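Subject: Structure handover

Dear colleague,

I am passing on the structure below, together with an account of what was found in it. Please keep it open beside this message as you read.

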Amino acid sequence: MTSLQATAAPEPLVCVSRADGALAGVVTLTLNRPRHFNALSEAMLDALQGALDDVARDDSARVVVLAAAGPAFCAGHDLKEMRAEPSLDGYRALFDRCTRVMLTIQRMPQPVIARVHGIATAAGCQLVAMCDLAVATSVARFAVSGINVGLFCATPGVALSRNLTRKQAMEMLLTGDFIDAHTARERGLVNRVVAMERLDAEVAALCRSILAKPAAAVAAGKGLFYRQAETGIEAAYQMAGQTMACNMMDACALEGVQAFIEKRAPDWAKPTD
């Protein structure tokens, strides 16, 4: 006789939790691929999109906290998944999917606070930049490092250039170098930097301040802020997505990503299938 063992349900890619008491109205969305540094796979993007859409429609939700499990906040796109099936149409669809998530964060009526406890790279740094507010630990680090594998971080650059000055953004985009949390605050990428043990308290303090304000005024103010500040972000994302999709089909980018997967130095002269 064969015994059947129950299979444990898979962990959700995005965990949703709701606060109560003084913080009632705060919804925390936690990226939950810790072993993969919360890389934005297609499934992760879909899960995050669904969670954001649900919260955006929820009148009882007043503030959203975007957090992450494990040692990293978010390492950007899942390069192994991207490299597995090179296709211009596939890359276009991926960056369109990512753009939708980013624009949803900006367009939803609730303020979104990034709770950054570890590295945020490439599209992970883009996530931080697209949130309305960001609180980081003193050990958090930020980079748009695609250039290191031959892929200019075009879509993260859209968000980054709307937080930093042009020259600061271009330095990050062209070098791929990390900046620390204090530099990120000085340049406008994050609002506050605290010790790890103070992170949740600092995020809660921001939440309480927003909760004390009229929901309608907060929602209207957020919407107006971006409408008046952004005159062409959709067009910018379309151009950036097209640029990244074409860039990913380039032999240098394919070799760079493959080298990253294989943990070796890229050979830019090497032909790639």
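Please bear in mind throughout that this is a predicted model. I begin with the sheets, then turn to a pair of helices, and end with the domains.

An open sheet is formed by 6 strands, which follow one another in the order 1-2-3-4-6-9 with mixed pairing. At its edges are strand 1 (14-18) and strand 9 (192-194), each of which pairs on one side only, and from one strand to the next the twist averages 20°.

Strand 5 and strand 7 (residues 141-143) are joined over 2 bridges in the parallel sense, with A120 standing opposite F142 in strand 7.

Turning to the helices, helix 3 (residues 88-107) packs with helix 10 (residues 233-248) at an angle of about 150°, and the axes of the two are 9 Å apart. Since angles over 145 degrees count as roughly antiparallel, helix 3 and helix 10 are therefore roughly antiparallel to each other. Their crossing is right-handed. On the side of helix 3, the contact is made by L88, Y91, R92, F95, T99, M102, L103, Q106 and R107, while helix 10 brings I233, E234, Y237, G241, Q242, M244, A245, C246 and M248 to the contact.

As for the chain as a whole, its domain assignment gives domain 1 as 14-212 and domain 2 as 215-262. How far apart do the C-alpha centres of domain 1 and domain 2 lie? The distance between these centres is 13 Å, and the contact of the two domains takes 37 residues from domain 1 and 29 residues from domain 2.

Methods: Residues numbered from 1 in each chain as written. Predicted model: local features only at pLDDT ≥ 70, side-chain atom pairs only at ≥ 80, totals over all residues. Heavy atoms only, no water. Axes fitted to C-alpha atoms, helices over the stretch in contact; angles between N-to-C directions. Helix = DSSP H or I, 4+ residues; strand = E, 2+ residues; numbered from the N terminus. Parallel < 35°, antiparallel > 145°, perpendicular 65-115°, else oblique. Left-handed = near helix turned anticlockwise from the far one by under 90°. Contact = heavy atoms within 4.5 Å. Pairing = 2+ DSSP bridges. Domains from an automatic or database assignment.
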